[in-house]
Structures are given as structure tokens and as C-alpha cells.
Amino acid sequence: MTPLPGRCACGAIRFVISLTDPDAQARTSICHCHACKRFTGGEHAVTTRVPRSAFAFTRGAEHVRVHEADMGSRSDGDRGEEGEGQAGGGRKSALHREFCGVCGGPLLEYGPNAGDNIYVFYGTLEDHARGQVEPRGEFFCRLRDPWMPEIEGLFQKQEINE
Ligand SMILES: [Zn+2]
Ligand SMILES: [Zn+2]
């Protein structure tokens with residue numbers, strides 16, 4: 001079992017992701033969509049998809065706050081969920097986000113079609129844990145800012161599925 005520990009920006013909340021095979025069970029990706037820009041305050045979000053059952057809070061769970069965002073249709077790219085099988089264009093859907101009520105730092109998110117997976121914000125993982133789940137690809141590349149280069153060696157998708 002490989003433990004991948006992480007924490008929020010202030011450290012009030014700590015968690016661990018326990019995987020038997022990080023290569024097979026985790027996938028980190030970069031998303032350039034509008035929702036990811038706004039939530040992170042950056043050009044993109046970096047999240048690591050893991051099975052929900054592998055994630056556990058180890059400290060400060062009482063500080064976790066939840067935000068349910070109505071992300072509207074998929075066509076405007078204004079959503080943070082980069083999971084597969086996001087069929088049903090135009091359908092309203094909610095994106096669930098968890099963050100720290102003490103420091104406001106992001107922890108994880110998942111959309112209605114994430115299935116049994118959650119998307120943990122990559123930067124919350126400790127250094128050695130990030131090194132075990134480095135990014136595989138980029139989503140919503142059509143919304144990449146002009147100054148942001150394509151990352152060599154990763155797959156690039158214009159939206160989610162194409
Ligand atoms: Zn915090
Ligand atoms: Zn996104």
C-alpha cells in the first residue's frame with residue numbers, strides 16, 4: 001500500500017490517499033477550463049483522480065466546507081469536472097467542491113459523472129506524494145491562455161472527450 005499524504009494550506013486539515021498501485025489507480029491532469037481558473041485563481045487546475053474509497057481525512061475533518069456549484073451546460077467549458085463520459089450537453093449539473101473553512105484552501109472536487117472517483121487538488125499532496133502521481137494530460141486546451149505553453153509529453157484534449 002502506498003500512502004499519499006496531503007493537507008490544506010494552513011494544515012488544519014490533513015488527509016491520506018491509500019493506493020495499492022498509484023500508476024493504475026491515480027491519474028493527474030491539468031484543466032484549463034473557466035471554472036478551474038476561477039476556483040484556483042490560476043490559469044489552470046491540477047487535480048489527481050483517485051477512488052473515493054482510497055481517500056480519508058486524518059485530521060480536522062470538522063473544518064471541511066462544501067460548495068455545490070451549478071456548472072450549467074458543458075459547451076461553454078465553464079466547469080471543473082474533467083471526468084470521462086460527460087454526456088448530455090446542455091444538462092444542468094452540480095460540481096461538488098470541498099475546501100478548508102479555516103484557510104479557504106481547496107482540497108477536492110467531483111462532478112455528477114465522476115462515479116466512484118474524486119479529484120484531489122494536486123498541490124495539496126506532500127512533495128514525495130506528488131512525485132508518484134505526475135500529470136498525464138491536459139483538458140480544455142482550447143481555453144489555454146496564450147502565454148501558457150503546451151506541456152510536452154502529456155496528452156492534450158480540446159475539451160473533455162474528443
Ligand atoms: Zn486550512
Ligand atoms: Zn476545469
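Where is the place of Phe140? Phe140 sits in the loop between strand E10 (135-139) and E11; helices (H or I, at least four residues) and strands (E, at least two) are DSSP runs numbered from the N terminus. Although Phe140 is not a glycine, its phi is positive, about 50°. Phe140 counts as buried because it has 26 C-beta neighbours inside 10 Å. A residue is buried if 20 or more other C-beta atoms lie within 10 Å of its own, exposed if 12 or fewer, and partly exposed in between, with C-beta atoms placed from the backbone.

This is a predicted model, in which local features need pLDDT of at least 70 and side-chain atom pairs count only at pLDDT 80 or more, while totals for chains, interfaces and linings use all residues. Residues are numbered from 1 along each chain as its sequence is written, and chains are lettered from A and ligands numbered from 1 in the order in which they are written.

The pLDDT is the predictor's confidence in each residue, from 0 to 100. Its mean over the protein chain is 88, and 85% of the residues reach 70 or more. Residues 73-91 have a pLDDT below 50; beyond near neighbours in sequence, this stretch has 46 contacts in the model. Two residues are in contact if their C-beta atoms, placed from the backbone, lie within 7 Å. Where pLDDT is low, the predicted coordinates should not be read in detail.

The protein chain has three helices and 11 strands, and along the sequence they follow the pattern β-β-α-β-α-β-β-β-β-β-β-α-β-β. Of its 162 residues, 35% count as buried. Among contacts with a separation of 6 or more, 63% are between residues 24 or more positions apart.

Next come the strands and their pairing. Two strands pair if DSSP finds at least two bridges between them. An open sheet of eight strands runs in the order E6-E7-E8-E9-E4-E3-E10-E11, with mixed pairing. Its edge strands, E6 (64-70) and E11 (155-156), each pair on one side only. E6 and E7 run antiparallel and are joined by seven bridges; Ala69 has Leu95 in E7 as its bridge partner.

Thr2 stands opposite Leu19 in E2, and Gly6 has Phe15 in E2 as its bridge partner. E2 is also joined by four bridges to strand E5 (residues 55-59), again antiparallel. There, Phe15 stands opposite Phe57.

The last topic is the nonpolar core, a set of buried Ala, Val, Leu, Ile, Met, Phe, Trp, Tyr and Cys residues joined through C-beta atoms within 7 Å. The largest one has 33 residues, and those with the most contacts inside it are Cys31, Leu107, Ile118 and Val120. Elements giving two or more residues to this core include strand E2 (14-19), helix H2 (34-40) and strand E9 (117-121). E9 supplies the largest share, four residues. Leaving aside neighbours within four places in sequence, Val120 is in contact with Gly6, Ile17, Thr47, Thr48, Val50, Phe55 and Leu108.
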